[in-house]
Structures are given as C-alpha cells and as structure tokens.
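Please read the following briefing beside the sequence and the three-dimensional structure shown here.

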Amino acid sequence: MQRLRSIRQLAFTYLVYPGAEHSRFSHVLGVMSLAGKAYDALAAKDPELLEADPRCLERRLVRVAALLHDIGHAPFSHSAEDLFEAGMDHEKMTERLLQIEEMEQIFQRWGAGLTPAMVIRIFSDPEGPKERLLSQIISGELDVDKMDYLLRDSLFCGVRYGSYDLARLLDTSVPLKDPLTGKWGIGVDEGGVHALEALIMARYYMFTQVYFNVTGKALELHFNEWLSEANIRWSADPELFLTHDDISIFSTMRASDSLHAKAVVQRNHYPLAFETNEHLTAAERADFESMIPALEERFGTQHLLVSKSSKDPHRMAKSRVLVRRFNGDLEPMEEVSHFIRHLARIERYRIYTSPDIRSEVAQILRKQFG
C-alpha cells in the first residue's frame with residue numbers, strides 16, 4: 001500500500017499539468033470512501049438485497065476491495081501496462097499480491113471474517129447477486145473508481161472537464177436486475193439521468209483533453225521505447241515487482257544515455273508532425289495505417305513515434321446501464337439520453353518525428369491523407 005505513494009496517478013501528465021502530482025495512494029483512499037457511500041445508497045434502495053448495517057461483512061468487503069484494487073499497478077501506472085511478464089496486467093498482479101503470505105496474515109489479524117480470497121472473487125468471479133453488485137461498485141458500468149478519478153484528476157490538473165454532480169448520482173443510484181441477462185448491476189432512477197450524463201461527458205472530455213494530451217502521449221511513447229531498449233519488464237514475481245516504483249525507474253532512466261530516456265528526463269520529446277481528427281471512419285483508419293510502413297521504411301523507425309489514442313468514454317463497460325423510469329419500466333441509458341446515443345468513439349493517430357524530418361513527414365501526410 002505504501003508503495004502506491006510513489007506511483008503517480010497520471011504518469012507523465014505532471015510534465016504537462018504541473019499540479020498532477022497526485023498518487024495512486026490518494027486515489028485508492030478516495031475509492032474506498034466512495035465505495036462505502038455507494039454501498040449505503042444501494043442498500044437504502046433494496047435492504048433485502050444488501051444489509052444496511054455499516055459494520056456488516058459485505059460493506060467492509062467492498063471497502064477493502066476498493067482500497068486494494070490498484071496495488072498491482074506498475075511504475076507510471078498505465079503508461080507501460082503491456083510490459084508485464086507472462087502476459088499479466090495490473091489486475092492479475094493485484095490478485096497475485098493478495099495471495100502472498102503477508103497479506104494472509106494481515107487479513108487473519110484484522111479482517112474480522114474477511115479473507116483475501118473473498119476480495120479476489122469480487123475482482124474476478126463474483127457469485128450471486130450480492131457479490132455481483134459489490135463487484136460492480138468497484139469495477140463496472142457505474143463504478144466508484146471512475147467517480148473518484150474524474151474529480152481527483154480534474155482537481156489536480158486544474159481543469160473543469162471532470163466535474164459532475166457526485167451527490168446526485170449516488171442518491172439516484174439503484175440496484176437493478178437486467179431482464180435480458182438476469183444479472184444484477186447498478187443503474188439510476190430517471191431523476192438521475194442528467195447526473196449520469198454529466199459523468200459520461202466529464203469522462204469524454206477528460207480523455208480528449210487530459211488523458212490523450214498531445215505532449216503526454218509523446219512522453220509515454222519515448223518511455224516505452226526506452227523500456228524496450230533497456231529490456232525492462234515488470235516482473236511476474238510479487239516480491240520483485242514490489243521493488244520498483246516511479247522513483248526507482250526514473251532514477252534508472254536519468255542515468256541512461258538513451259535518446260528516449262533523455263527525451264523524458266529533460267522533457268525534450270519529438271515534436272508532433274501530424275495528427276488526424278478525433279473521430280475516424282473505418283476506411284479512414286485503414287487508410288492511415290496503410291501509410292505507416294512506407295514512412296518507417298523511408299525515415300527509419302528510430303525517427304518516428306506513432307500514437308493511437310482510442311476509447312469509448314461514453315460506453316461505461318461491457319454491460320448496459322439501465323434507467324428506471326418513474327413508472328417502473330427499465331430502459332438502456334442510450335435510449336433514454338438523446339445526446340449519448342450520438343457520441344462517437346475517440347480514435348486519433350499522431351505521428352511524432354525527430355526535428356530534422358518533421359516538415360517532410362508532415363508534408364507527405366497532409367498530401368496523402370488530407
């Protein structure tokens with residue numbers, strides 16, 4: 001847990017927004033607090049499904065799961081998520097860390113009936129409607145992870161994009177059983193539709209303006225190039241994994257002579273040569289991707305960095321979010337909200353190059369792609 005103090009929530013974003021120094025540690029504390037509030041809101045709506053006692057096992061379970069949900073994050077968070085050994089990711093590492101002996105001992109001493117296995121099941125394989133709802137509180141269509149990071153990231157970056165009415169959203173949240181799948185999830189009463197719309201728009205704008213920031217993506221690309229050069233991977237062994245954080249990796253990068261390491265340490269990254277629009281058709285995407293091999297062959301891969309930023313911020317997760325109408329009918333959020341149905345997937349390519357070829361590459365892409 002203490003290691004998370006040395007893992008920045010937004011990786012290299014602090015080099016763009018100077019206030020973005022906040023850590024994963026503060027984030028998980030916020031998610032734990034919101035998990036308790038979300039549980040209370042849902043229990044108040046259906047006390048037969050969720051016990052309302054503040055010390056009941058289910059409420060304590062969802063809070064500790066929220067506290068521990070990010071312990072498996074690698075240095076600089078999502079910047080190099082695909083560099084785990086053995087095909088792992090931060091979620092699988094979290095499960096592995098929950099199984100170490102030290103964690104078992106902590107739960108035996110302080111868990112009061114909770115076990116690491118119960119937390120792992122919430123993360124990966126919930127059983128029954130209660131556990132399904134607890135899992136949805138942590139990671140689902142309308143989860144407290146999103147609720148916290150949007151407000152927190154917006155605050156520390158000094159922007160307003162991530163703002164929405166948290167109190168109203170929690171107050172109108174309701175446990176609902178999807179008639180199509182029979183699975184329980186978190187939806188909203190009709191009176192909370194606009195609060196949910198605000199959350200979705202906040203997420204949409206935070207991705208376009210902050211998470212996919214043009215400079216931040218360049219630094220992330222240089223970081224990944226340096227990791228590849230240095231043959232650095234995130235160990236699948238929990239004990240070895242825990243020895244690394246932002247500080248240790250940045251210290252190693254500072255000592256490197258690599259151009260890519262210096263680009264990050266000295267904030268002297270490749271300049272942007274070309275970027276597409278935010279939204280591309282399938283034909284436009286295929287057309288642009290077909291140009292990249294020729295550019296790499298002509299100028300050399302070491303002089304080109306290609307970024308693909310893609311996300312469906314208006315699609316909360318795999319399952320649908322239901323709205324309970326005033327008459328009791330259930331409808332998908334996309335049908336209730338007039339503007340959400342028109343939001344499109346963010347899909348933007350950027351080409352960064354060494355300064356000496358920037359103009360030439362830009363000219364070629366403007367001519368061929370427009």
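Predicted model: local features only at pLDDT ≥ 70, side-chain atom pairs only at ≥ 80, totals over all residues.

Residues are numbered from 1 along each chain as its sequence is written, and side-chain values use heavy atoms, with hydrogens and water left out.

**Helix α14**

- Helices (H or I, at least four residues) and strands (E, at least two) are DSSP runs numbered from the N terminus, and α14 covers residues 282-299, 18 residues in all.
- From its first C-alpha to its last, α14 reaches 26 Å, close to the 26 Å expected at 1.5 Å a residue, where the expected span is 1.5 Å times one less than the number of residues.
- Gly 300, which follows α14, has a positive phi near 90 degrees.
- Phe 288, Met 291, Ile 292, Leu 295 and Phe 299 are the buried residues of α14, buried meaning under 20% relative accessible area, exposed over 50% and partly exposed in between (1.4 Å probe, protein chains only).
- These buried residues pack against β3 (272-275), β4 (304-311), β7 (346-353) and α16 (358-369), with contact meaning heavy atoms within 4.5 Å.

**Packing of α14 with α16**

- The two helices α14 and α16 pack at an angle of about 150 degrees, with their axes 11 Å apart; axes are lines fitted to C-alpha atoms, for helices over the stretch in contact, and angles run from 0 to 180 degrees between N-to-C directions.
- On the α14 side the contact is made by Glu 284, Asp 287, Phe 288, Met 291, Leu 295, Arg 298 and Phe 299, and on the α16 side by Glu 360, Val 361, Ile 364, Leu 365, Gln 368 and Phe 369.

**Aromatic pairs**

- Rings of Phe, Tyr and Trp (its six-membered ring) pair if their centres lie within 6.5 Å, and planes under 30 degrees apart count as stacked, over 60 as edge-to-face and the rest as tilted; by this rule the count comes to 13 aromatic pairs.
- The rings of Phe 12 and Phe 76 are stacked, because their centres are 4.4 Å apart and their planes are at 15 degrees.
- Phe 12 lies in the segment before α1 (24-45) and Phe 76 in the loop between α2 (57-68) and α3 (90-98), so the pair ties together parts that are 64 residues apart in sequence.
- Phe 12 counts as buried at 2% relative accessibility, and Phe 76 counts as buried at 0%.
- With centres 5.0 Å apart and planes at 65 degrees, the rings of Phe 12 and Phe 223 form an edge-to-face pair.
- Phe 12, Phe 76, Phe 223 and Trp 226 form one aromatic cluster.
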